[in-house]
Each structure stands twice: as C-alpha cells, then as structure tokens.
Amino acid sequence: MRRRKDPIPPGAEIYWGDRAEFAALIFLMLPMLMLVVGVMFSRPPIRSSDYWAIALLFGMFLLLLLLFWHLSQGYTLIDGDRVETRGGFGRLTAFRLSELTGYRFSPLRHNPYIRQHNSLYLYRGQERLVTDSIQPPAQKRLHDLLRERGLQPQLLTPEERAGTFRLRKNIRVERDTLVFKGERIPLSQTEIRTQFITPALYRRGGKQLFLLNVDSIACRDLLALALERNGVAVGDALPRL
C-alpha cells in the first residue's frame with residue numbers, strides 16, 4: 001500500500017521504503033517457525049498446552065511481520081528544495097533544504113542499548129527534524145545534496161564547538177590530536193586498516209589503537225571529518241560528513 005495519495009509533482013524524486021529487510025525477515029523466520037512446529041507435532045501424543053504454544057508462536061510471528069511491513073511503507077519525496085518524508089506509521093515531516101543549518105550521523109553518543117547505524121539527523125537551528133523513515137537510497141541522496149550545498153556538521157556541545165569530542169571513556173580528539181589513554185598522537189600519524197571485516201585505527205605503520213565499529217565509538221562522524229582534514233583516508237570505514 002502506497003501512503004502518498006497526492007500526485008507526484010513533475011520532476012520530483014520519490015523513494016519508497018526499503019522492503020529488503022522485510023523480505024529477509026520472512027526468509028529467516030519462516031523456516032525456523034516451521035521447524036519448531038514440526039518438532040512439536042512430531043512427539044505424540046500432543047497436549048492441549050502445545051496448541052497454545054503453537055498459537056503463541058504464530059501470533060508473535062504475525063505481529064513481527066505487521067511491524068516490519070508498516071516500517072517498510074514510508075517514503076521520501078524530494079522536489080527541488082522541498083523534502084517530504086512519511087514514516088511507516090503515518091508521521092509526516094516536511095521541510096526545505098534551504099532551512100537546514102546542520103546535519104550529523106547517529107549515534108552521537110555511545111549507548112549500548114540504542115544502536116542506530118549511521119542514520120542521518122537533520123537540524124533546523126537547535127531543532128532536530130524527525131526523519132527516521134529516510135532509508136537508502138533516499139538517505140544517500142539527501143546526504144549528497146547537503147554536501148553539495150556545503151552544509152556544515154551540527155556541533156552540539158561547547159566542547160565540540162571548541163574542536164574536542166570524546167570517542168570513548170579514555171579516548172578523545174582535541175583538534176588535530178588524538179588523546180589515547182593519556183598519550184597524545186597527531187591524527188596525521190594515524191591510518192585506517194580493515195582486518196576481518198571490522199575497520200580499526202592504527203598508528204601509521206604501527207600497532208592497532210582501537211576498533212571503529214558503531215557499538216564502541218561515539219562521534220564517529222566527527223572523527224571521520226577530523227581524520228580527513230589531517231590527510232587520513234577514511235573510505236567507507238566511517239560515516240563521512
């Protein structure tokens with residue numbers, strides 16, 4: 001079901017919610033559910049409590065399918081300067097690119113319970129627009145438009161505005177210097193290498209400093225910006241502002 005009933009303006013770009021995750025969920029869960037049901041029916045005599053367990057499994061499965069189906073129903077429309085995005089549950093956000101004052105990628109602070117992988121956050125002054133329905137390729141398209149306009153990253157704290165941000169409890173960046181467990185290392189003397197899929201920051205030509213995965217490092221977008229400004233190639237290892 002398409003949730004936008006109005007005609008699409010001529011020349012506008014529209015991106016529907018990505019249903020790949022929804023299809024992957026069905027592909028992964030349905031065989032597991034069938035296996036569980038098969039095992040339960042294979043041990044006669046089946047008891048009435050088993051029927052309740054099967055009904056509960058099916059109910060949970062259907063609820064998950066309904067949730068992911070709704071989440072896949074959003075869209076993002078880009079019509080010149082105007083952007084309109086609606087999430088799977090019907091929340092509409094409309095804004096103009098010329099109104100935006102900054103943007104960031106999440107997570108902005110390390111939180112082991114909330115792991116949002118590189119979602120694009122848009123700011124109008126101090127207000128963060130709710131655009132969680134934006135998914136690739138719309139997120140990438142918006143990011144490209146913001147970079148073309150020269151939009152600057154949103155610096156949220158006095159420390160960030162002074163060029164200092166914390167990556168982990170004992171790791172921070174102070175302008176062009178990485179403070180790593182009390183040692184001061186110029187960012188220009190570091191490099192990114194990838195081993196076993198996960199990228200990590202190394203001393204140039206030396207040992208590993210720390211991993212760059214989303215679950216352990218905060219402000220990964222600001223780190224990418226600082227590294228690039230000091231001549232360190234980032235590639236796809238970090239979200240680039």
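Biologist: What makes the charged end of Arg-193 count as sitting over a ring, and which ring is meant?

Modeller: This is a predicted model. The ring is that of Tyr-202, and the charged end of Arg-193 is 4.1 Å from its centre. The distance limit is within 6 Å, and the charge must also be within 35 degrees of the ring normal. Arg-193 is listed as sitting over the ring of Tyr-202.

Biologist: Which ring lies under the charged end of Arg-128?

Modeller: That of Tyr-121, with 4.0 Å to the ring centre. The limit is again within 6 Å. Tyr-121 belongs to strand S6, residues 120–124.

Biologist: How do you know whether Tyr-121 is buried or exposed?

Modeller: Its relative accessibility is 8%. Buried means under 20%, so Tyr-121 counts as buried.

Biologist: How far is the C-alpha atom of Tyr-121 from that of Tyr-103?

Modeller: They are separated by 5.5 Å, though the two residues are 18 apart along the chain. Tyr-103 has a relative accessibility of 1% and counts as buried.

Biologist: Why is the pair of Tyr-103 and Phe-105 called edge-to-face?

Modeller: The angle between the planes is 80 degrees. Planes over 60 degrees apart count as edge-to-face, so the name applies. The centres are 6.5 Å apart, and the limit for a pair is within 6.5 Å. Phe-105 is buried too, at 6% relative accessible area. The whole structure holds two aromatic pairs.

Biologist: What makes S12 and S14 edge strands?

Modeller: The open sheet has the order S12-S13-S14, with antiparallel pairing. S12 (190–195) and S14 (208–211) each have a single partner strand, so one side of each is left without a neighbour in the sheet. Neighbouring strands are turned by 30 degrees against each other on average, direction ignored.

Biologist: How do you know that S12 and S13 pair?

Modeller: Six bridges join them. At least two are needed, so they count as paired. Thr-190 stands opposite Arg-203 in S13.

Biologist: How many bridges does S10 form with S9, and how many with S11?

Modeller: Four with S9 and four with S11. Both pairings are antiparallel. Leu-178 in S10 is the bridge partner of Val-173, and Ile-185 in S11 is also its bridge partner.

Biologist: Which way do the residues of S10 point?

Modeller: Thr-177 and Val-179 point one way, Leu-178 and Phe-180 the other, and all are buried.

Biologist: Which residue of the S10 and S11 turn has a positive phi?

Modeller: Lys-181, at about 55 degrees. In the S9 and S10 hairpin, Arg-175 takes a positive phi near 55 degrees.

Methods. Residues numbered from 1 in each chain as written. Predicted model: local features only at pLDDT ≥ 70, side-chain atom pairs only at ≥ 80, totals over all residues. Heavy atoms only, no water. Helix = DSSP H or I, 4+ residues; strand = E, 2+ residues; numbered from the N terminus. Axes fitted to C-alpha atoms, helices over the stretch in contact; angles between N-to-C directions. Phe/Tyr/Trp six-rings, centres within 6.5 Å; stacked < 30°, edge-to-face > 60°. Buried < 20%, exposed > 50% of the residue type's maximum accessible area, 1.4 Å probe, protein only.
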